[in-house]
Amino acid sequence: MDRNVRRAAAVVAAAVVGLAIVAGVAARADAAASERILRGVTVAGIDVGDLTRDEALAAVEAAVARQPSAPITIRVAEARWTVTPAILGIAPGVERAVDEAFAVGERLGILGRVLHRLGGSSLDVDVPVRPVVDRDALRTFVVGVADDIDGPPMDAQLALVDEIGRAHV
């Protein structure tokens with residue numbers, strides 16, 4: 001093997017070893033930072049970048065708790081019920097939103113996450129807090145409404161009205 005070939009082989013081997021070291025360091029750095037949400041990610045406008053899951057949950061839950069929960073009025077015929085979303089089993093899906101905030105980093109892949117953390121750029125991603133519904137609580141409310149409005153059958157009529165307003169019985 002001549003000297004140039006050996007030199008080229010040594011350079012290639014050094015490059016491969018160097019890349020392996022850089023990849024190992026990047027993987028270790030990514031693993032160390034994987035407990036935190038990437039910078040530039042917000043949940044419902046609340047900055048959760050660089051927070052752990054528990055820190056993000058606490059921050060978003062505190063902000064959501066400060067928001068008033070408007071009552072909902074349900075009307076069936078002459079009956080009305082004014083209830084809170086909680087009575088209907090509707091609650092803000094904070095845990096799901098924080099999980100989605102973590103998933104932003106997963107979608108970038110290891111190289112994207114490492115470059116993002118090293119580059120200092122902001123992702124500018126906002127994850128909404130969508131409501132979650134407890135179907136059992138909702139069913140309980142609906143059954144209660146059905147019990148309240150349930151009554152004996154009544155005679156009914158069906159009248160078809162044409163475009164001029166004439167009824168055809």
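Glu100 and Arg130 join their side chains in a salt bridge, at 3.5 Å from N to O. The pair links distant parts of the chain: Glu100 sits in helix α3, and Arg130 in the loop between β6 and β7 (131-133), 30 residues apart. A salt bridge here is a side-chain nitrogen of Lys or Arg within 4 Å of a carboxyl oxygen of Asp or Glu.

The model is predicted: local features need pLDDT of at least 70, side-chain atom pairs count only at pLDDT 80 or more, and totals for chains, interfaces and linings use all residues. Residues are numbered from 1 along each chain as its sequence is written, and side-chain values use heavy atoms, with hydrogens and water left out.

**Exercise 1. Classify Glu100 and Arg130: buried, partly exposed or exposed?**

Step 1. Take Glu100. Its relative accessible area is 28%, so Glu100 is partly exposed.

Step 2. Take Arg130. At 43%, Arg130 is partly exposed.

**Exercise 2. Trace how helix α2 is tied to other parts of the chain through Glu55 and Arg53.**

Step 1. Start with the total. The structure holds 5 salt bridges.

Step 2. Find the partner of Glu55. The side chain of Glu55 meets that of Arg36 in a salt bridge of 3.3 Å, N to O. Glu55 is in helix α2 (residues 53-65) and Arg36 in the loop between α1 (3-33) and β1, so the pair ties together parts that are 19 residues apart in sequence.

Step 3. Check the exposure of this pair. Arg36 is partly exposed at 36%. Glu55 is partly exposed at 37%.

Step 4. Move to Arg53. Arg53 forms a salt bridge with Asp99, with the closest N and O atoms 2.9 Å apart. Arg53 belongs to helix α2 and Asp99 to helix α3 (residues 94-119), so this pair ties together parts that are 46 residues apart in sequence.

Step 5. Asp99 is partly exposed at 38%. Arg53 also counts as partly exposed, at 29%.

Step 6. Arg53, Glu95 and Asp99 are joined in a network of salt bridges.

**Exercise 3. Work out the strand order of the open sheet of 3 strands.**

Step 1. Write the order. It is β2-β1-β6, with mixed pairing. Strands pair if DSSP finds at least two bridges between them.

Step 2. Inspect one pairing. β1 (residues 41-43) and β2 run antiparallel over 2 bridges. Val43 has Ile46 of β2 as its bridge partner.

Step 3. Look at Thr42. Thr42 lies in strand β1. Its relative accessible area is 18%, so Thr42 is buried. A polar contact of 2.5 Å joins its side chain to that of Asp126. Such a contact is a pair of N or O atoms within 3.5 Å; within protein, one must be able to donate a hydrogen and the other to accept it, and residues adjacent in sequence count only if both atoms are side-chain atoms.

**Exercise 4. Describe the hairpin formed by β3 and β4.**

Step 1. β3 (residues 72-76) and β4 (residues 79-83) are antiparallel over 5 bridges.

Step 2. Thr73 bridges to Thr82 in β4. Arg75 bridges to Arg80 in β4.

Step 3. Inspect the turn. There are 2 residues between the strands, and Ala77 in the turn has a positive phi of about 55°.

Methods
Helices (H or I, at least four residues) and strands (E, at least two) are DSSP runs, numbered from the N terminus. Buried means under 20% relative accessible area, exposed over 50%, partly exposed in between (1.4 Å probe, protein chains only).
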